[in-house]
Amino acid sequence: VKVSISVGFDFRNKLSGWRPSEIDILDEDYMSGSDQFVFDSKPLLFDIEMSGTPIVDLFINMNKRDLDLYLSFYEVTPDGKSFQLSKTVQRLSYLSSREKRTLVEPGQLNRFVFTNLYFVSKRIKKGSVIRLVVKPLNNPSWQKNYGTGKAVNDEDGNDASPLVMQIFTGKKYKSSIHIPSV
């Protein structure tokens, strides 16, 4: 099973509703985008105490040599309210090492394990859903990575081309999350 999105990198001309604040902490506006993957757990059968750093293990195929991803965990309560639990922004070429850049081959399936999300400690009530949102970083507050493999500082709008990204969730390539609990 694979899920796909295609994202254009022309936000500077077409991002009319962008706000420079973090709207996703206690706000469901984050759900309005079609440029993201949203994965929901089944409703919890009992309360859990989430304490630690969540881990995200994703099998990704994309048409770029590099990509900046925004990952965010939410608790979605039975009445539909969202509360951000943890997040990270990660340039994929520096996921395995902060010192040595490792580019990916476009069109090949790659495994990325994210262990650098924020620590969280919170009781999550029965009936709530744990939501993971994965989206390419496409925000004017952050350096633009067009995914060419060149030094990101040397990229410009001439390097822009649509991103096509797939996350695999099937039996053979099972993307998953680990929720630390006590």
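K122 and E75 form a salt bridge, with their closest N and O atoms 2.6 Å apart. This pair links distant parts of the chain, since K122 is in strand β8 and E75 is in strand β5 (residues 68-76), 47 residues apart. The structure described here is a predicted model.

K122 has a relative accessibility of 29%, so K122 counts as partly exposed. E75 has a relative accessibility of 2%, so E75 counts as buried.

## Other salt bridges

How many salt bridges does the structure hold? The number is eight. One of them joins the side chains of D47 and K125, at 3.8 Å from N to O. This pair also links distant parts of the chain: D47 is in the loop between β2 (37-40) and β3 (48-52), while K125 is in the loop between β8 (120-124) and β9 (129-136), 78 residues apart. D47 counts as partly exposed because its relative accessibility is 32%. K125 is likewise partly exposed, at 46% relative accessibility.

A further salt bridge is formed by K150 and D159, whose closest N and O atoms are 3.0 Å apart. Is D159 buried or exposed? The cut-off for buried is under 20% relative accessible area, and D159 is at 18%, so D159 counts as buried. K150, with a relative accessible area of 38%, is partly exposed.

## The overall fold

The protein has one helix and eleven strands. Read from the N terminus, the elements follow the order β-α-β-β-β-β-β-β-β-β-β-β. Of the contacts between residues at least 6 apart in sequence, 79% join residues at least 24 apart.

The protein has 182 residues, and buried residues make up 43% of them. The accessible surface of the protein is about 10100 Å², and 51% of this surface belongs to carbon and sulfur atoms.

In strand β7 (residues 110-114), the side chains alternate between two faces.

Strand β7 is joined by five bridges to strand β4 (residues 55-62), and the two strands run antiparallel. F114 in β7 has V56 standing opposite.

## S86, a buried serine

Where is S86 found? S86 lies in strand β6 (residues 82-91). Its relative accessibility is 2%, so S86 counts as buried.

The side chain of S86 reaches the backbone oxygen of Y118 at 2.6 Å. Apart from its neighbours within four places in sequence, S86 is in contact with P54, L71, S72, F73, L117 and Y118.

## S34, an exposed serine

S34 is in the loop between α1 (11-14) and β2. With a relative accessible area of 68%, S34 is exposed, whereas S86 is buried.

How far apart in space are S34 and K135, C-alpha to C-alpha? The distance between them is 9.5 Å, although S34 and K135 are 101 residues apart in sequence.

Terms used: Residues numbered from 1 in each chain as written. Predicted model: local features only at pLDDT ≥ 70, side-chain atom pairs only at ≥ 80, totals over all residues. Heavy atoms only, no water. Salt bridge = Lys/Arg side-chain N within 4 Å of Asp/Glu carboxyl O. Helix = DSSP H or I, 4+ residues; strand = E, 2+ residues; numbered from the N terminus. Buried < 20%, exposed > 50% of the residue type's maximum accessible area, 1.4 Å probe, protein only. Contact = heavy atoms within 4.5 Å. Areas by Shrake-Rupley, 256 points an atom, 1.4 Å probe, with all protein chains shown as cover. Pairing = 2+ DSSP bridges. Polar contact = N/O pair within 3.5 Å; in protein donor to acceptor, adjacent residues only side chain to side chain.
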